[in-house]
Amino acid sequence: MAISESDVKKVAHLARIGLSDDELKLFSSQLESIIAFVDKLREVEVSSVKPMSHVLEMDNVVRLDEKKKSLNREEVLKNAPESLKGHFLVPKVIE
Amino acid sequence: MNYEVVIGLEVHAQLKTNTKAFCGCSTQFGQEANTQACPVCLGFPGSLPVLNEKALEYGIRVGLALHCQIQKLTKFDRKNYFYPDLPKNYQISQYDLPLALGGFLEIELKELRKRIGIHRAHLEEDAGKLIHEGDHSLVDYNRAGIPLLEIVTEPDISSPDEAYEYLVSLKAILKYLEVCDCDMEKGSLRCDANISLRPQGAKELGTKTELKNLNSFKAVRDALSYEIKRQKELLESGKRIVQETLLWDESGEKTYSMRTKEEAMDYRYFPEPDLPAFVIRDEKIQAIKDVLPELPEALKKRFIAQYGLSDYDAGIIVAEKALAKFFEATLRLYPKAKLISNWLIGPLSYELNSRNMSIESLSFSVESFVSLLTLVDEARISNLAAKEVLTQMCNTGASPEVIVKEKNLLQVSDAGELEGIADKVIAGNEKSTADYKSGKANALMFLVGQVMKLSEGKANPKVAQEVLKKKLEKWGKDA
Amino acid sequence: MIKLYELTAHELLEKLRRNELTQEEIVSGLNKRIEEVDSKVKAYVRVGELSSSDGLPIAIKDNICIQGQPTTCASKILENFRPPYDATVIQKLREAGFAIYGQTNMDEFAFGSSCENSALFPTRNPWNLECVPGGSSGGSAAAVAAGEAIWALGSDTGGSIRQPAAFCGVVGLKPTYGRVSRYGLIAFASSLDQIGPITKDVEDATMLFAAIAGYDPHDSTSVNRPLPDYSASLGKDIKGIRIGVPKEYFSLSKGAQLEGIDDEVKRSVEEAIAQLRNLGAKVKEVSLPYSQYAVPVYYIVATAEASSNLARFDGVQYGLRAKDAQNLIEMYKKTRERGFGYEAKRRIILGTYVLSHGYYEAYYVRAQKVRSLIANDFANAFKECDCIVTPTSPTPAFRIGEKTQDPLAMYLSDIYTISVNLTGIPAISIPCGLSKAGLPVGLQIIAKAFNEEMLFRMAHAYEQNTSWHKQKPHL
């Protein structure tokens with residue numbers, strides 16, 4: 001299946017990754033060959049096969065509703081590139 | 001043309017667990033920003049979620065109360081989108097195998113009962129809080145990771161009033177189940193609405209809009225009414241409805257479009273690899289069923305059957321769990337259902353509403369309330385005085401006996417004491433006296449009223465009436 | 001004279017016990033060795049004792065969180081990130097008295113098979129500095145091989161412990177999924193990742209594995225199941241053990257996607273199998289017909305999970321942030337454009353693509369179904385054998401730069417290791433030969449889930465009767 005630069009651009013936007021024109025070109029052709037490679041899976045008959053998202057047969061893993069110590073605020077914000085008044089600061093969210 | 005309104009509601013109820021959905025951080029409201037966060041709910045690299053068993057249990061409780069099928073196999077999925085209130089840039093939610101499917105909730109509107117279908121209910125984690133100021137936004141993750149139950153109706157709601165009634169009933173159920181505070185101001189209950197119009201009788205649904213920023217039940221009703229009008233006008237002028245998300249502007253009483261450029265959302269759901277599936281066994285469902293509290297619908301039926309309450313009165317009392325509890329507690333000490341319900345629905349509700357208070361925060365006990373009722377019932381104070389006593393009880397929490405004594409509100413039931421007043425009234429109201437004698441029975445009521453007035457409300461009206469009658473007859477013979 | 005840096009952990013512990021050595025001498029010996037050779041090998045990204053302890057020092061891959069210590073996955077986007085908590089394995093090591101000694105280089109976010117995708121610098125193969133050490137745990141394997149570490153932790157998502165262990169001539173174990181807690185391992189592909197030991201010999205591997213394995217309530221995929229005494233697997237004979245040899249793995253004609261197996265690798269592995277037979281094992285042919293699809297399945301599943309796991313690196317809470325952005329979306333895009341290397345971007349885009357609307361069923365769901373078939377292959381094979389033996393990698397270490405232009409060729413170098421992660425079962429790589437060019441060859445032994453004992457038993461029996469593990473690179 002052909003993968004156009006505009007396809008890659010769309011996906012890169014979904015993934016919030018900026019790409020240079022060179023990267024866009026390179027990735028489009030590389031993705032196309034990778035997708036062509038994984039398209040090999042189309043030859044497998046899977047209509048009656050269950051998908052496997054966990055390798056272990058386990059279920060109902062829960063914890064008790066018991067409080068644990070939170071981090072103190074200093075620790076929470078220690079790695080923050082920018083913070084203000086005990087909050088993380090981000091550029092204006094515009095839609 | 002007549003249009004049929006089609007509404008569906010999505011409610012997000014914050015579950016009242018002690019800790020968050022996937023970590024042990026507290027869920028307490030109103031704490032300092034970013035003080036209830038840990039590597040897990042912050043989505044720090046390497047951290048992993050483990051489900052709070054209470055969140056699952058509460059979800060099942062609600063599913064059962066809404067007559068849903070609790071799914072035997074349920075799992076979590078990742079809903080992927082970038083937003084700064086979402087620490088991992090994906091939300092742990094449920095996609096194709098939700099906790100509960102296919103239930104209903106019965107509402108009553110103008111004495112008509114209607115079933116609103118519940119499409120599904122699923123668990124997910126809440127996002128943090130964004131504060132927009134100036135050229136930046138601030139993020140607080142205290143709320144991030146609090147368990148939410150998203151409850152989605154079928155598009156069965158056909159008017160803003162029905163939507164309102166649905167929310168009132170749902171809130172009552174959630175409160176009865178003790179799984180959610182249902183405080184819209186604090187955001188523990190949130191509602192989005194989908195609405196479309198179609199020509200009466202049409203099979204296909206019209207284009208819908210999604211309404212957000214609905215901060216109260218009233219806002220839901222008002223926004224829906226507004227949106228019906230807006231869509232109708234568009235349709236009638238031959239225009240198209242644009243499928244979009246609209247925000248309700250409460251002060252301007254109108255909806256406005258959230259985005260100019262609606263970006264098609266692609267959430268890229270896939271099974272959450274960090275959480276193995278959940279198999280809900282019948283024994284677990286039964287165990288939860290066994291301890292489900294009596295729900296408003298059943299309670300109402302019982303109140304009507306057991307205590308002879310009217311449908312209307314029972315409906316009001318069961319609408320709030322605390323009120324229903326108070327009713328039954330009072331009844332245990334003082335078995336006069338009708339009297340109690342009158343006082344709860346009337347004066348007590350009035351006092352609570354005027355103070356914007358809930359019955360849980362009353363400053364007096366059930367026993368005090370019973371004393372008040374006894375005083376009225378035994379005619380030791382008048383109804384009017386009793387209302388004043390109740391006001392004082394709400395203000396100070398003092399016992400009714402003390403208030404009655406302090407304010408000297410005991411009713412005068414002694415005929416001798418009332419005779420002097422009656423004489424004065426007869427002497428000062430010749431016309432009414434004459435009317436009475438000429439057979440106008442109403443005149444007597446007027447005279448009783450005058451006795452009440454002169455006695456500053458303390459006269460027992462029954463006794464006053466007797467005394468007046470006697471005197472008027474005698475007065476007639478003397479003349 | 002004995003070379004301190006060549007001693008295994010159990011040999012060092014024995015000397016400590018006999019008071020022939022002190023811990024200080026061991027640490028200063030390591031420091032000295034690193035001073036001598038690390039400028040050539042470049043195995044470490046950060047070094048120096050990180051915790052005071054009188055136990056043996058250990059090197060940690062740079063994707064395992066150490067409280068208060070930079071942990072960056074060899075990525076610019078996590079520059080200066082200091083986790084506020086210890087990974088469970090770090091906690092366990094501390095409790096067991098280990099000294100957390102240094103952090104090793106890796107392919108950025110474990111994306112790679114050569115250690116060339118590190119944002120910092122490539123690590124080199126101690127056996128030939130022109131060659132790659134393998135990846136993604138290349139730093140850990142190279143450090144152990146070069147005597148710069150006594151032992152190390154790596155992580156394995158598609159072969160990232162075993163392949164570098166094979167390339168560097170050391171022992172590497174990928175445990176059963178769920179055996180070692182992933183809490184604190186910066187996730188690449190959550191359903192495939194496992195932390196495991198990289199050591200100089202099998203006995204060390206059992207010791208280190210026993211120290212990190214076990215149930216962890218912080219990881220929902222951690223298994224609550226008693227740990228056997230792994231040391232009991234050592235020194236047992238292997239008479240009658242049934243070894244399965246997958247016919248597909250050794251035939252060159254089967255499907256072009258199975259990259260041609262190198263003749264020398266093939267010969268070494270066949271000799272190893274013969275050796276195991278001499279020790280009493282029974283060799284039989286087994287079939288893994290769907291294994292030819294393992295690489296495509298892996299690159300769909302692993303990149304899909306990675307695209308989601310790496311979404312959190314967005315400049316909001318930690319790590320790099322582009323400061324010149326006008327708004328939020330621009331900040332996200334610029335941060336991630338600058339913070340991620342080529343391979344990370346490529347995999348995030350591929351993973352996003354296979355999950356996106358219209359492709360999810362065709363790629364992701366289909367891949368998860370084929371994954372079931374691959375798991376089924378192994379279940380069937382294990383009905384006929386107790387363990388499966390394969391090469392770890394189709395070739396010995398390749399030259400630096402040889403495959404960087406061709407991501408597909410790079411992906412194919414994981415062909416023998418990937419199925420094991422997709423299935424969740426354990427596997428070990430041990431040295432089984434040297435090529436004419438003097439590069440190590442690795443033998444992979446695969447067992448049923450939770451049967452690491454079988455791996456140790458087989459590997460130890462082989463090791464005791466060969467001397468490949470005693471060969472050291474000349475630096």
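Q: Which residue is the bridge partner of Leu246(B) in β15(B)?
A: In β15(B), Leu246(B) has Ser257(B) as its bridge partner. Strands here are DSSP E runs of at least two residues and helices are H or I runs of at least four, numbered from the N terminus. Before we go on, this is a predicted model, where local features need pLDDT of at least 70, side-chain atom pairs count only at pLDDT 80 or more, and totals for chains, interfaces and linings use all residues. Residues are numbered from 1 along each chain as its sequence is written, while chains are lettered from A and ligands numbered from 1 in the order in which they are written.

Q: OK, so how many bridges join β14(B) to β15(B)?
A: Four, and the two strands run antiparallel. Two strands pair if DSSP finds at least two bridges between them. β14(B) and β15(B) form a hairpin with four residues between them. In that turn, Glu253(B) has a positive phi of about 50°.

Q: What about the side chains on β14(B), which ones are buried?
A: Leu246(B) and Trp248(B), which point to one face.

Q: Which other strand pairs with β14(B), and in what sense?
A: Strand β13 (residues 209-214) of chain B pairs with β14(B) in the parallel sense, over three bridges. There, Leu211(B) has Leu246(B) as its bridge partner in β14(B). To get from β13(B) to β14(B), the chain goes through helix α3 (residues 217-236) of chain B, and this β-α-β crossover is left-handed. For reference, a crossover is right-handed if, with the strands pointing away from the viewer, the path from the first strand over the helix to the second runs clockwise.

Q: Switching topic: what's the strand order in the open sheet with strands from chains A and B?
A: The order is β2(A)-β3(A)-β10(B)-β9(B), with antiparallel pairing. The edge strands are β2 (83-84) of chain A and β9 (129-133) of chain B, each pairing on one side only. β9(B) and β10(B) share five bridges, and Leu130(B) has Val139(B) as its bridge partner in β10(B).

Q: And chain A itself, is it compact or spread out?
A: Chain A is more spread out than a compact globule, because its radius of gyration is 22 Å, well over the 12 Å that the globule rule gives for 95 residues. That radius is taken over C-alpha atoms, and the rule is 2.2 Å times the number of residues to the power 0.38. Chain A has three helices and three strands, in the pattern α-α-β-α-β-β. Of its 95 residues, 28% count as buried.

Q: How many residues of chain C are in contact with chain A?
A: 56 residues of chain C, against 44 residues of chain A. Contact means that C-beta atoms, placed from the backbone, lie within 7 Å. On the chain C side, α12(C) gives the largest share, eleven residues.

Q: What about chain C with chain B?
A: That contact takes 33 residues from chain C and 24 residues from chain B. α9(C) gives the most to the chain C side, with three residues.

Terms used: Two residues are in contact if their C-beta atoms, placed from the backbone, lie within 7 Å. A residue is buried if 20 or more other C-beta atoms lie within 10 Å of its own, exposed if 12 or fewer, and partly exposed in between; C-beta atoms are placed from the backbone.
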